[in-house]
Amino acid sequence: MIDIYIMGRRYQVPEGLTIIQALEYAGYKLIRGVGCRAGFCGACATIYNNKNDPQLRYALACQTVVEPEMYLVQLPFFPAGKAFYDLGKIKPSGEVILNLYPDIVKCLGCNSCTKSCPQDLEVMECMSDALRGDIAAVSIKSFDCVMCGLCAARCPQGLVPYNIALLCRRLYGRYLSLPSKHLQDKIEEIAAGEFDSELEELKNMSEDKLRQRYKERTIEPP
Amino acid sequence: MYPTEMEKSIAKLEATRERRLKETFPRLSLDEIESLLERFHPDFWAEGTRQLGVGPNKGDRAPKELADLLEGKSYIDPDQIDLGKIDYDVDVLIIGGGGAGASAALLAQENGASTLLVTKLRLGDANTVGAQAGTQAADRPDDSPAIHYLDTMGGGGFHNIPELVEVLVKDAPLVIRWLESLGVNWDKEPDGSMHELPGGGTSRNRMHAARDYTGLEEMRVLRDEIRNRELNVLEFSPAVELLLDSNGRVAGAILLDLETNELSVVRAKAVILATGGSGRLHYQGFPTTNHYGATGDGLVLAYRVGAKLIFMDTMQYHPTGVAYPQQILGQLVTEKVRTLGAQLVNTEGEQFINPLETRDVVASGIIRECQERQKGVVTSNGQCGVWLDSPMIDIIRGRGTIARELPAMVRQFTRFDIDITRKPILVYPTLHYQNGGIRIDASGATGIPGLFAAGECEGGVHGRNRLIGNSTLDIFVFGRRAGKAAAQWGKGVKPGSLSLEHIHRWQEETARAGLSSRPASPRLLPDYTRHEQTLASLTT
Ligand SMILES: Cc1cc2nc3c(=O)[nH]c(=O)nc-3n(C[C@H](O)[C@H](O)[C@H](O)COP(=O)(O)OP(=O)(O)OC[C@H]3O[C@@H](n4cnc5c(N)ncnc54)[C@H](O)[C@@H]3O)c2cc1C
Ligand code: FES
């Protein structure tokens, strides 16, 4: 058993549990601060340090194993600002980012956001890319963001990097990634009813015949 | 880092790799598949299910854990609730904040309805966000909705409802474009064409992905769109009961504020259930890939107002859940690892199943390898598993493929000191998906007037086994359809007075059937606190 400190209070828990499991072992029935339990939803943002090391660290509680003498608190919510926009009516430009998130110019370059990212993303770089209007760079670098909110919580200037990055990715997806011709073609063929008779035939086929068809279908190599 | 014992088995796997790279394990015939499933698939373990004693599916089988809840008591005392005091009054109430609920809300709004979306945790805390491998749509030149139809029927054991599969495959390319127009970043080739991979049971390469964060990308975009349109959302407010009106139509719901325990009354002209799956009921003691709130609530709510469920005796066990390390036991190792080329290998370093068979078949193959053939690898916790030979991917497709295509997987294992670009992954089946659910028609209607359903909580589309990539398709196809149909239905409705009479009737019926001692339901959240159970085996 090891000692951990949840919001300053000591609990004994077995070694090897994740922080979430340790909270539950300690008797907390969680409502906030937990979602997917697998590192994808960002609900479980956690700040901790160690009795002998004041350096703050940041983690997803579902993906991090408790350590002896850990002092931790969850950050299930942070009052981060978000701009409202109609994606169909804005342009993929640096100016739009600046208009929607004017605070971005206040970035001090302190790198607190990057240091706090439990996904190890280059958050501050994303902010300078966004400031330059390099939407593609932000999209690629920020892609693995789970929007846990730690970067916004740590920014001394009140920026909300994860929402700025989301704006960039949405702009990229809608306007900058090249359209897929085969997708468009297929949508038109379907609308023109090109597959209707074949589908109708399959729908009305006896199970035996359908099984036969299934067996005979060719399988494209990967 | 793997313990020495496991490293010994890895050495055998490495010794056979060069030979295996040239080998394709033969696919099983339909007859071989049927006998493998009957002997090893958990659906066929007789002690796992029982007959329902009450309600629209009386006499049908369901997993025991779910059956208890379907027969369960209401949380509320209908006589204690003042239905004269309406807290929220809207055209369409959407219950559930995953991909299905979010799409339904957007489409209901576009079709002129006022909406309220209520959800149990935060908007987007859902199974959707965990989807990694991708979304199916037949849009390449040598693919077609008809081939997609055939694959889906075959995967479902030919039990799927044809009308539902038809709209699933026909709407699919539209859904991909809709998501892109909202700003979803699909993986693409330099010329803009979609980068598509095969999946277990798909005869064409039609998996659309966003790295291995597909569901996260879909969900964060939809969530942002809901916020931009300023649609009403209530978080931490699960529905605990549906309301009917004096004409027997579904007319709203009772919500529970999880933090203050206050109840509130929503009146609506139509209700859409989008509550997702039930992996957190841990059928037959399996760990699960599902999010914390996946407790099958929508099934319970629908059942109590008389909606029929379909295929409730079949669950999907994903073949490749994590078997080591223990901290993340049962979490998902995406099928994309296999679609990119990784083979499944036993402790002797030999293949035993084609890795791209459908999930039910692969899962049964792994269970057979561990139980009957005793060729699994057993960890120090006693957990059996087989190897998923991930390093093959970079050998076949070039160095850097794993890092590029599977960043979430790499990150997850790196956190536990395992480098999947160099070492294989130990896997065992995990509870993943609810194949069946509330029976719907092609518009998402349930047959109970005013009640619609979309996503993992409905059933019929996937027959008895869902294919990879067809669920994150289903949620958008049927979420959009239900949103539109509910908005249109609402236009013709003049609500009668609200009633909880059906809860009285339910209580009488369960009492007559001798089931009064069933637990209160819906379950809402699992209880992992120590007094219940703390074994890490269930709580990952
Ligand atoms: C880890 C993982 C990986 C997956 N990978 C893939 C994949 O690659 N491809 C694919 O096609 N499918 C995949 N699936 C399946 C697919 O993601 C889900 O089936 C699908 O996203 C379900 O969407 P949904 O909207 O129906 O339900 P969910 O996304 O689960 O949303 C349900 C919502 O309802 C809420 N809710 C529940 N009960 C109540 C209540 N009583 N009141 C109010 N709200 C309630 C929940 O909190 C949640 O917000 C995966 C699933 C998991 C878990
Ligand atoms: S609970 Fe979802 S990231 Fe930890």
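A residue is called buried when its relative accessible area is under 20%, exposed when it is over 50%, and partly exposed in between, using a 1.4 Å probe and protein chains only. By this scale A:Cys110, at 35% relative accessibility, is partly exposed, whereas A:Cys62 is buried, with a relative accessible area of 4%. The structure is a predicted model, in which local features need pLDDT of at least 70 and side-chain atom pairs count only at pLDDT 80 or more, while totals for chains, interfaces and linings use all residues. Residues are numbered from 1 along each chain as its sequence is written, chains are lettered from A and ligands numbered from 1 in the order in which they are written, and side-chain values use heavy atoms, leaving out hydrogens and water.

A disulfide is a covalent bond between the sulfur atoms of two cysteines. Here the term is applied to a pair of cysteine sulfur atoms within 2.5 Å, and the count over all chains comes to zero. A:Cys110 is in no disulfide, and its nearest cysteine sulfur, that of A:Cys155, is 6.3 Å away.

Next comes ligand 1. A residue is near a molecule if one of its heavy atoms lies within 4 Å of it. There are 38 residues around ligand 1, and B:Thr128, B:Gly134, B:Glu456, B:Ser471 and B:Thr472 come nearest. These 38 residues divide into 12 nonpolar, 21 polar and five charged; Ala, Val, Leu, Ile, Met, Phe, Trp, Tyr, Cys and Pro count as nonpolar, Asp, Glu, Lys and Arg as charged, and the others, Gly among them, as polar.

The backbone of chain B also meets the ligand. A polar backbone atom of B:Ala100 is 2.9 Å from an oxygen atom of ligand 1, and one of B:Lys120 is 3.3 Å from a nitrogen atom of ligand 1. Another oxygen contact involves a backbone N or O atom of B:Gly469, at 3.3 Å. On its own, ligand 1 has 1,000 Å² of accessible area, and the protein covers 99% of this (Shrake-Rupley method, 1.4 Å probe).

Finally, B:Arg359 lies in helix H10 (residues 359-371) of chain B, a helix being a DSSP run (H or I) of at least four residues, numbered from the N terminus. B:Arg359 is buried, with a relative accessible area of 6%. Its residue contacts (heavy atoms within 4.5 Å) include B:Tyr317, B:His432 and B:Asn465.

Methods: Polar contact = N/O pair within 3.5 Å; in protein donor to acceptor, adjacent residues only side chain to side chain. Helix = DSSP H or I, 4+ residues; strand = E, 2+ residues; numbered from the N terminus. Lists of a residue's contacts leave out its neighbours within four places in sequence.
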